[in-house]
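Please keep the sequence and the structure in view while reading.

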Amino acid sequence: MASRKEGSGAAGGGFGSAKGKGKAAAAGDSAVKQVQIDGLVVLKIIKHYQEEGQGNEVVQGVLLGLVVDDRLEITNCFPFPQHTEDDADFDEVQYQMEMMRSLRHVNIDHLHVGWYQSTYYGSFVTRALLDSQFSYQHAIEESVVLIYDPIKTAQGSLSLKAYRLTPKLMEVCKEKDFSPEALKKANIAYENMFEEVPIVIKNSYLINVMLWELEKKSAVADRHELLSLASSNHLGKSLQLLMDRVDEMSQDIVKYNTYLRNVSKQQQQKHQQRRQQENIQRQSRGEPPLPEEDINKLFKPPQPPPRMESLLIAGQINTYCQNIKEFNAQNLGKLFMAQALQDYNN
Amino acid sequence: MSRFFTTGSDSESESSASGDETAPKAAGGPYSKPLLLSEDEEDTKRVVRSARDKRYEELTNLIRSIRNAMKIRDVSRCLEEFELLGRAWAKAKGVVDREGVPRFYLRILADLEDYLNELWEDKEGKKKMNKNNAKALSSLRQKLRKYNRDYEGQIAAYRQNPEQSDEDEEKSRRDSEGSGSSSGAEDDAGNFLKRRERDEPRSRYKESESEPESESDEDWGDSASESDSESDEDDGKFTSLASKFLKKDEERRGAERRREEKAKKKLERKSRREEEEEEEEGGEWEKVKGGVPLIKEKPKMFAKGTEITVGLVMKKLNEILQARGKKGTDRAAQIELLQHLVAVAHEHQLGVPLELKIKFNIVASLYDYNPNLAAYMKAELWQRCLGCIEELLELLFAHPEIFVGENVLEESENLSNPEQPFRVRGCVLTLVERMDEEFTKIMQNTDPHSQEYVEHLKDEARVCGIIGRLQRYLQAKGSPEELCRVYLLRVLHTYYKFDYAAARRRQVRPRPQEKEDEEKEKQEEEEEEEDSEALMERLCRFVYAKDRTDRIRTCAILCHIYHHALHSRWYRARDLMLMSHLQDNIQHADPPVQILYNRTMVQLGICAFRQGLIKDAHNALLDIQSSGRAKELLGQGLLLRSLQERNAEQEKVEKRRQVPFHMHVNLELLECVYLVAAMLLEIPYMAAHEFDARRRMISKQFHHQLRVGERQPLLGPPESMREHVVAASKAMKTGDWRRCHRFVVNEKMNGKVWDLFPEADQVRAMLVRKIQEESLRTYLFTYSSVYDSISMETLAAMFELDLPTVHGIISKMIINEELMASLDQPTATVMMHRTEPTATQNLALQLAEKLGNLVENNERVLDQRQGAYGGYFRDQKDGGYRKGDGYLRRGGFRQERGNY
């Protein structure tokens, strides 16, 4: 239902983008500036989740399409089969190749252009996603990941977002060095890890015509979920998740803190030694102090904790916050509306 | 003195030489009967052969062959023999050390020396000698010289008066001239005849001298003086003499040997005993029954015809006791012997002290019967042991004048002299303590579900009786320390028993308007049998006051508390526990005391529960229950654990610590009490703190049970006690007290748990009441957000409580700020204030808290950063950081920021 609305919107305005358009500012130097999705793909993704995903389980699949200039057109997709424990030796790559070959036989675009994944209350900023998107983007430069949020969709507005790793993050991932210094050098923060690519949903004119036809026949009452005032459940869940992440973040910081303390302790020791040496030398000879680099080799510096985790957590927290903010803004609007309505009625 | 006797003795001694098996019959040698001393007897008893005899005989044989060799001038043979002699001498060293160098030995040494010198001088003869002999001569001469150096003085002394032994010399010459094969025993015999004549007057003299002395003294003094006086007699005589005065020792050895044989010949014991009895009746001669040639081997208690005296019996006793603990000693036979000895002593009216003494030893050897510490007494032995101790106590009661004590020295014992106070070594208390241990062991090792156990348990009364009598005995005579010990024994047998009689009396007492007679009867009853409470009080108080070893006091206190707790005297039990400060240092006590402590704590907890003091009950039981090892901690069974954690040795030790089954605390009752207590505390607490992030569990174990219950895929009606409690908890969570009550108190639970209490109905009533109250609280916590106001009357009806109680509970909740509400007096309603945050608000609060933490942590990182890259004042700042706490640190940070 929602997708139809989006689709109709797109049809009406030609290239009407989905939400989150303003956030695609960082996509300037990227290979892909826009993602154009077929209505078929959207429906297939939704169907896939409804059939197989439940609760916080995640469904994934492959996107197929082609690249036109700086626009990525996604024309088809197929799901990854759900894993069970007993077929551990199932060959995913083999399956994908088979699938694509078969699709090619029926004259469907068979170019691998990315993958999609469902999400539970927006908790998708994870290491797993980062790793697989990195390998995709490493192999196929234009590939994107589509994140589909079934819960938000169920509340009345389709939530489908396309993400790519920023070139900076690609660099860092290529280096595989997540030490604090490397991240600092790369000048990476949670805000510029992912870039969102604007999405356009496009249908053929025939489909658009049919949608218009259907629109006339359907009743308005179908869209009541948009106006639902119940909010506490969703909000509570989001808060809970947010809290978990905050906890993780706290732990991470503590870890980092310990590391820093260890480092400083060691440095201080070194420093004291050096100072003593220097003082003795200066007193005896009056010479300038010796270079200090060689002492670094004597002490093995403590292993710095990888900082990518905390970046990801920060990104995740950010996502949650955005979600909650957005959700609450809408809800507040609804509440005010309801109040106004009630006042008017009275 | 006839030849007949000597030959008789001769043959016997020979047979003894041929094998070790001989059993010399001469016990209680002639000197123990000084007045009856006669030669006949002497000679008939001249049979004793010992290692000493053998050694001396060996020596004389060797000496004879040396002399033979000397005569035929066979020096090489001389050398050989001399070497053998040296070796034999070394073997006989032990004997010689005791008695001095025998004369015959010195003589051969002197003669040999003379002979060698002679040969050496005789150049002619030397030349004629063959090579071997010449060589042997020189080496023998050297050796002898070296050897004689050790005995220089004695040899010189000998040379001065060799005449003394002329007579014997002659005889020995005669012997050596005679057949070479003539046995040394014959030699002995010959000597004997001669010696007798000279011996007699001297021994006579001695007798008169030593008569006033105590008998044993005489024995030893006699032999000692003998050895002194006879040491300057010649060799041939010496052998016999030695064997003669060795007799005393010989006797003991003989006795030992006899015992060994006894072990071998258990089957014959009976007939033998008959014979022994006959002997004791005074038969001069042993009777050979059925012509069995047992005479030689047949052991006997006392020599026939000997007059049984205290000293004699004592000696016998010592003999028997010396075999104690030795390998190969038949312990059963030993016990038999001792019992026999008692009978003898009794028969001959040797006095109570002696009997006492022997009985002490019987009990001790009964205990010794099992060499293994872990093994327990057999029922038969146990019964005998009990009987024996009872007899012992009876004797002691009958003769209070006898002083019995551990500290009486062996020497200062007085068993027979009626003028002085009797003193007997031995400690009844130790025996009884040991008996108690054995009893515990027997109970530990019996299957508690068998009829056998019941049978054994019947002995408990006897054990208690013995302890009681001992207590009475010691109250009259014992030292405070001993009294403490026996009191502790008594306490240990009393504390775990519920005094039903007292409980009944207490129930009756509140109604004083009963008939006078009954009252009287009751009073009599009370006098008759002391209330166990009063008894415990009396005993323990004495121990508290008098005990100097900490352990007894600790045990007494614990038992006292246990007893109080068992009889629901909660406050006294608790106060005693708190006053004793045992909680602080019980971990330093030994495991049995710790087990007792655990038992006491558990009993205390159960007592608190019965009194409706749920919180106290929970606290008392928490330690034991939370470990999940209650069984082990109470010494009521071993947990199944892997062998790595515990080897066989440890397991044995642990097994020995187990509490006998009849003293067990019911574990299911314990767990149920704990879980119900935890439920009554935890469920309202959970309801009150549903959204509190920092909520702590009161009872981990209870939560564990709840989780187990939740994990069940299919929830049937509860079966086990735990399931019942879990089901009850679930009901209580929703404030449904009726269901909760149904789950906690029903037929199953009654059978399993509640009926185990002495006053089960009271406990059940208490439980219902508690469940109602706590359900009310839970209900208010859980559903207060739904209400604007609740009528207290409705609540009272819902929970079947009376209005004041409801009012009280709600007021308490309001005061404790658990319930945000106020009471509206006129309408008797509770007005809710609705200050509790909603779920979302709670979450937001939690989040805010967490964020606060996060920020703090983050700032710390920033601090570090500042510290690490902060320029030239880095060092001093780091120093400051380390000392300061978090707050100061942040303060410092801000200041520094200001500096930038």
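A residue is called buried when its relative accessible area is under 20%, exposed when it is over 50%, and partly exposed in between, using a 1.4 Å probe and the protein chains only. In this predicted model, where local features need pLDDT of at least 70, side-chain atom pairs count only at pLDDT 80 or more, while totals for chains, interfaces and linings use all residues. Residues are numbered from 1 along each chain as its sequence is written, chains are lettered from A and ligands numbered from 1 in the order in which they are written, and side-chain values use heavy atoms, with hydrogens and water left out.

Of the 346 residues in chain A, 42% are buried. The accessible surface of chain A, computed by the Shrake-Rupley method with a 1.4 Å probe, comes to about 19700 Å², and carbon and sulfur atoms hold 54% of this area.

## Aromatic pairs

Rings of Phe, Tyr and Trp (its six-membered ring) pair if their centres lie within 6.5 Å, and planes under 30 degrees apart count as stacked, over 60 as edge-to-face and the rest as tilted. By this rule there are 19 aromatic pairs over all chains. One of them joins Tyr495(B) and Tyr496(B), which lie 5.6 Å centre to centre with 85° between the planes, an edge-to-face pair; both Tyr495(B) and Tyr496(B) are buried.

The pair of Tyr779(B) and Tyr787(B) is tilted, because the planes stand at 50° with the centres 6.3 Å apart. Tyr779(B) counts as buried at 11% relative accessibility, whereas Tyr787(B), at 26%, is partly exposed. Tyr779(B) and Tyr787(B) belong to one aromatic cluster with Tyr783(B) and Phe799(B).
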